[in-house]
Amino acid sequence: MIPLAKLLEAALFASPRPIPADELAALAPEASKAEVAAALEGLREHYDVDGHGVELVEMAGGWQILTRPEYTEAIERAQLAARPQRLSAAALETLAIIAYRQPIGRGEIEEIRGVSVGSILKSLHERGLVEVVGRAEGMGRPLLYATTPLFLEQFALRHLEELPRADELAIALRPAPQPL
Amino acid sequence: MSATLEPTAAANEGALADRSFVIDLPAYAGPLDLLLSLIRDEKVDIYDIPIAHIAKQFLARIRQLQLNDAAEYLELAARLLRIKAQLLLPRHGSEEAWEDPRAELVRRLLEYQQMREVVDILERRGDERRSRFGRAYLPEAVEPVAAPLALSLGELLTAVDRILRVTKEPTVHTVVARALDVPGAIAYVRRIIGERRRTRLMELLAPDAEPWQVISMLLALLELAKQGELRLLQPRPFAAVDISDHEHDPAGQAA
């Protein structure tokens, strides 16, 4: 491995969270962005090709070394680590709407889901998955919510654009057919 | 379109009604979820929903799931019945001008269905991420984030109740009644006034006088003033109180 890749590997190993690309670049000021990107790519290949128990994952605008899923159960059985709790269907629905429509107010979310979402919004906020980014104009100036970097992290998304565009979904919204 | 819809639905109703019983009751994320799964189960076209049939099934499911108290389900049920009624109304004017009362519902269902697809994606991605551990396993962040003032009255009252329950019993002081010594104070004042003819309240009280002594002295002075033995004069609020015998004007002025 080249020295730059070793340095990046050491930094990634030390961090419990994804390290943003620019922070990785700051580790080696003399290296160009392209060199850092190439070194990261080389490190990922090294883990993949040489057969390691860990892999290098890009998400939320950064990079993190994670264990491979085939060892999850063994690790959990040995109680060395535990999977975080799954989000409820209601919480996922709310998150999905916010991810696509952000910034969005509570009323709009409730309109789409057909149920009230007050307590769910509160718990998503407490978990740091959504944040208040402002207030809408108009009646009552409702709070507007948006997803956080932690949301990308917990769903292993590099950025929001990684989610399919609305028109790429199987059921794209199409205009109701004209009455015969 | 709707002219053919109603008879077909009515004909199917009898046959379909028996199939409406499901043993495994899934948990629905909301009324739209329930409606959408009905539409899937009954294999009807989302753009041409047999409203009468679906509304009946919807109500049956609500009853089965004992969701009667869930206002959101009932609201959608009412909406379905309203659409059903609108479809039964005779149409006036041209066919082109007629607007399908189901259109808005279809739009909402499609929007909801689209969101469910995103949920599936998120669920898959979330599971993939959950099955990978970082180098240092961190328990999920539980540090409370400042919530954007979303407290209901009920939550507030619950919090108060909880605090009241953990709060210790208030410290209770037992007050020992101490007898006042008004006669003693009266005798003392008479003696001092007899000697000096005038004095001040602060001079009558020892610097370390206890409250009961102060009160005794005050009552003694008031009593003597009432009986006409003394004159009390306080020129201004909080000023020193001048005490003199009846003949002597404390401020040196005419009485």
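**Helix 1 against helix 3, chain A**

I looked up the contact first: A:Leu4, A:Ala5, A:Leu8 and A:Glu9 in helix 1 of chain A meet A:Glu35, A:Ala39, A:Leu40, A:Gly42 and A:Leu43 in helix 3 of chain A. I count two residues as in contact if their C-beta atoms, placed from the backbone, lie within 7 Å. The residues of this contact divide into 6 nonpolar, 1 polar and 2 charged. Here Ala, Val, Leu, Ile, Met, Phe, Trp, Tyr, Cys and Pro are nonpolar, Asp, Glu, Lys and Arg charged, and the others, Gly among them, polar.

I then checked the geometry. The axes of helix 1 (residues 3–14) and helix 3 (residues 33–49) of chain A come within 9 Å and cross at roughly 75°. Axes are lines fitted to C-alpha atoms, for helices over the stretch in contact, and angles run from 0 to 180 degrees between N-to-C directions. Helix 1 and helix 3 of chain A are therefore roughly perpendicular (the class covers 65 to 115 degrees).

**Ground rules**

The model is predicted: local features need pLDDT of at least 70, side-chain atom pairs count only at pLDDT 80 or more, and totals for chains, interfaces and linings use all residues. Residues are numbered from 1 along each chain as its sequence is written, while chains are lettered from A and ligands numbered from 1 in written order.

**Chain A overall**

I find 8 helices and 6 strands in chain A. Both are DSSP runs numbered from the N terminus: helices are H or I, at least four residues, and strands E, at least two. Of the 180 residues of chain A, 29% are buried (20 or more other C-beta atoms within 10 Å of the residue's own, C-beta atoms being placed from the backbone).

**The sheet**

What is the strand order of the open sheet in chain A? Its 3 strands run 4-6-5, with antiparallel pairing. Strands pair if DSSP finds at least two bridges between them. Strand 4 (104–105) and strand 5 (130–135) are the edges, each pairing on one side only. I see 5 bridges joining strand 5 to strand 6 (residues 143–147) of chain A. A:Val130 has A:Thr147 in strand 6 as its bridge partner. Helix 5 (residues 89–101) of chain A packs on the sheet and touches strand 4, strand 5 and strand 6. The direction of helix 5 makes about 95° with that of strand 6.

**Chain B against chain A**

I looked up the interface last. 46 residues of chain B are in contact with 49 residues of chain A. Helix 5 of chain B gives the largest share of chain B's side, 20 residues. That side divides into 26 nonpolar, 6 polar and 14 charged residues.

How values were computed. Parallel < 35°, antiparallel > 145°, perpendicular 65-115°, else oblique. Buried ≥ 20, exposed ≤ 12 C-beta atoms within 10 Å, placed from the backbone.
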